[in-house]
Amino acid sequence: MNSNVVPLPATATFDDFWSLYPKRVGKVLAKAKWDAITGPGLDTRIFDKDSGTYFHIRLQATADEIIAGLKAYRSTLYDSNYRLKTEEQFLPHCATWLNQGRWEDG
């Protein structure tokens, strides 16, 4: 079975997202980030290693946009035998992935 083909309801929920995320750590914080991003928006900051400074950003997306980005992310993680191509310790925690707006990377 292709790991990227997952039937979802018309509007995805946090539980759908959680079940797809490859490293399930910190569920409470991830849920809080999800609720903010898919609701009124999340004001946060991201550290830029090159300049050594933080940038303030506002994140807002629909549940479906985040799930689509997660599916694109997952497609880069697994080989043709559905094994992780990288060690799990190097995968970002769920809350970190959300806080960095990573669904936009796909």
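The 13 positive and 13 negative charges of the protein chain have mean positions that lie 4 Å apart. The model is predicted, and the values reported here were computed from it.

The protein chain contains 4 helices and 2 strands. Their order along the sequence is α-α-β-β-α-α. The radius of gyration is 14 Å, close to the 13 Å given by the globule rule for 106 residues, so the chain is as compact as a globular protein of that length. Along the principal axes, the C-alpha atoms occupy a box of roughly 40 × 35 × 25 Å. Of the contacts between residues at least 6 apart in sequence, 58% connect residues at least 24 apart. Buried residues account for 36% of the 106 residues.

The relative accessibility of Asn 99 is 14%; because the limit for a buried residue is under 20%, Asn 99 is classed as buried. The side chain of Asn 99 forms a polar contact of 2.9 Å with the side chain of Lys 33. When neighbours within four places in sequence are set aside, the contacts of Asn 99 comprise Lys 33, Leu 42, Thr 44, Arg 45, Ile 46, Ile 57 and Leu 59.

Tyr 82 is located in the loop that runs between helix H3 (63-77) and H4. Most residues other than glycine have a negative phi. Tyr 82, which is not glycine, has a positive phi, near 60°. With a relative accessibility of 42%, Tyr 82 is classed as partly exposed, because this class covers values between the buried limit of 20% and the exposed limit of 50%.

Lys 71 lies within helix H3. The relative accessible area of Lys 71 is 26%, and this residue is therefore partly exposed. Between Lys 71 and Ala 95 there are 16 Å in space, C-alpha to C-alpha, for a separation of 24 residues in sequence.

Definitions and conventions
Residues numbered from 1 in each chain as written. Predicted model: local features only at pLDDT ≥ 70, side-chain atom pairs only at ≥ 80, totals over all residues. Heavy atoms only, no water. Buried < 20%, exposed > 50% of the residue type's maximum accessible area, 1.4 Å probe, protein only. Polar contact = N/O pair within 3.5 Å; in protein donor to acceptor, adjacent residues only side chain to side chain. Contact = heavy atoms within 4.5 Å. Rg over C-alpha atoms; globule rule 2.2 N^0.38 Å. Lys, Arg positive; Asp, Glu negative; His and termini not counted. Charge placed at Lys NZ, Arg CZ, Asp CG, Glu CD.
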